[in-house]
Amino acid sequence: MDTQNPSAPPRAQSAPADNPARSRHHTGGVIHENTRHTTRFVVIGNHLTQHKELSLLAIGLGCHIQSLPTGTPADIKSLASRFKEGTTRIAAALRELETHGYLRRERVRTATGRIITRTISCNQPGHRREPADTGCPTPPRTAHRPEPRPRKALPAVPQPTQAAATALHQQATDLLTGLRRHDPRLLLSATDTAHLAPGVIAWLEREVTPTTVRHALTTDLPDDPLRRPAALLAHRLTAQLPPPPPNRTPAGPPPPPRHRLRNCDGCDHAFRAPETETHCGNCRTTDPGRL
């Protein structure tokens, strides 16, 4: 009866010296072996990495975006080319990050009129930094319908002379209503067409052909959906307005005056001549005394 169990430890084991708080009954859990980073690292809050509502994909994507240098593309296509999850799952993860305030996407217009999407990564939702446009507002926790924004007035367009506005109005209107045949996104309302028509007339009166005007309005349009195509067209009509044509000098001497018809005093035939002539050329030839 004095035989000992060979599998039992001869005495109770104490906790390791470097982890005195660890219980001797602990059987699992993560153990960290950390080395301090000095280069190529980013500080990410536990409120993101341990978020209780975000999916694992959203957490990982949020960490990846926060680690990107400023200016790195972070749109759906760029992320899908980097990761194998696909555009559908990446788009859903981006929406999660937007909902919880870790991401904001804004549409801005460049100096050339092109509309691009700018992605703003927020490492602490609810905290703003300077300048204000880089801050992260606290997202709404419950779904609500935002109040409609008042419609902004369209940018001003060049104004033609009164004579050109009357003569070229129909041509300009036809050009604008036909833009949708080149790009369906350029479907304009009657109000937008009336606002833009003077700008098109200003181009036409500067001896620009309708084809050239149409090319200027439809070339290099952004790939993103156009929220206000009329505003983009108004910007292009103003920013790309060509200069007036140069003044032209007459090509040659003015044409000779056209005299009215009169009857010859000799033969009564009609002829054209100044008021001082009373006989036609034939009568003057047969009667040298009349020369």
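Student: Where does Gly-62 lie?

Tutor: This is a predicted model. In it, Gly-62 lies in helix H2, residues 56-67.

Student: What makes Gly-62 buried?

Tutor: Its relative accessible area is 6%. Buried means under 20%. The value 6% is under that cut-off, so Gly-62 is buried.

Student: Which residues is Gly-62 in contact with, leaving aside its neighbours within four places in sequence?

Tutor: Leu-48 and Leu-97. Contact here means heavy atoms within 4.5 Å. Ala-93 is worth a look too: 31 residues separate it from Gly-62 in sequence, while the two C-alpha atoms are 8.6 Å apart in space.

Student: Why is Ala-80 called partly exposed?

Tutor: Ala-80 has a relative accessible area of 22%. Under 20% is buried, over 50% is exposed, and partly exposed is in between. The value 22% falls in between, so Ala-80 is partly exposed.

Student: Where does Ala-80 lie, and what does it touch?

Tutor: Ala-80 lies in helix H3, residues 76-82. Not counting residues up to four places away in sequence, Ala-80 touches Gly-86, Thr-87 and Ile-90. Its C-alpha atom is separated by 9.3 Å from that of Ala-91, which is 11 residues apart from it along the chain.

Student: How do you know that Thr-191 is exposed?

Tutor: Its relative accessible area is 63%. Exposed means over 50%. So Thr-191 counts as exposed. Thr-191 is found in helix H7. From C-alpha to C-alpha, Thr-191 and Ala-230 are 9.8 Å apart in space, and 39 residues apart in sequence.

Student: Which residues of H6 and H7 make the contact between these helices?

Tutor: H6 gives His-169, Gln-171, Ala-172, Thr-173, Leu-175, Leu-176 and Thr-177. H7 gives Thr-193, Leu-196, Ala-197, Val-200, Ile-201 and Leu-204. By kind, the residues of this contact are eight nonpolar, five polar and no charged.

Student: At what angle do H6 and H7 pack, and how far apart are their axes?

Tutor: The angle is about 115°, and the axes are 8 Å apart. H6 covers residues 169-177, and H7 covers residues 190-204. Their crossing is right-handed.

Student: Which residues touch the most other members in the largest nonpolar core?

Tutor: Leu-176, Leu-196, Val-200, Val-213 and Leu-217, out of 28 residues in that core. H6, H7, helix H8 (210-218) and helix H9 (229-239) each supply at least two residues of this core. Apart from it lies another core, of 14 residues, among them Ile-65, Leu-94, Tyr-102 and Leu-103.

Student: What does Val-213 touch?

Tutor: Setting aside residues up to four places away in sequence, Val-213 touches Leu-175, Val-200, Trp-203, Leu-204 and Val-208.

Student: What is the phi of Glu-207?

Tutor: It is positive, about 65°, although Glu-207 is not a glycine. Most residues other than glycine have a negative phi. Glu-207 is found in the loop between H7 and H8.

Student: Why does Glu-207 count as partly exposed?

Tutor: Its relative accessibility is 48%. Exposed needs over 50%, and buried needs under 20%.

Student: What makes Asp-268 exposed?

Tutor: Asp-268 has 54% relative accessibility. That is over 50%, so Asp-268 counts as exposed. Asp-268 lies in the loop between strand S3 (261-263) and strand S4 (270-272). Its phi is near 65°, a positive value in a residue other than glycine.

Student: How many helices and strands does the protein have?

Tutor: There are 10 helices and four strands. From the N terminus, their order is α-α-α-α-β-β-α-α-α-α-α-β-β-α.

Student: How many of the 291 residues count as buried?

Tutor: The share is 27%. The accessible surface of the protein comes to about 21700 Å², and 53% of it belongs to carbon and sulfur atoms.

Definitions and conventions:
Residues are numbered from 1 along each chain as its sequence is written. This is a predicted model: local features need pLDDT of at least 70, side-chain atom pairs count only at pLDDT 80 or more; totals for chains, interfaces and linings use all residues. Side-chain values use heavy atoms; hydrogens and water are left out. Axes are lines fitted to C-alpha atoms, for helices over the stretch in contact, and angles run from 0 to 180 degrees between N-to-C directions. A crossing is left-handed if the near helix is turned anticlockwise from the far one by less than a right angle, and right-handed if clockwise. Ala, Val, Leu, Ile, Met, Phe, Trp, Tyr, Cys and Pro count as nonpolar, Asp, Glu, Lys and Arg as charged, and the others, Gly among them, as polar. A nonpolar core is a set of buried Ala, Val, Leu, Ile, Met, Phe, Trp, Tyr and Cys residues joined through side-chain atoms within 4.5 Å. Buried means under 20% relative accessible area, exposed over 50%, partly exposed in between (1.4 Å probe, protein chains only). Accessible areas come from the Shrake-Rupley method with a 1.4 Å probe; for residues, only the protein chains shown count as cover.
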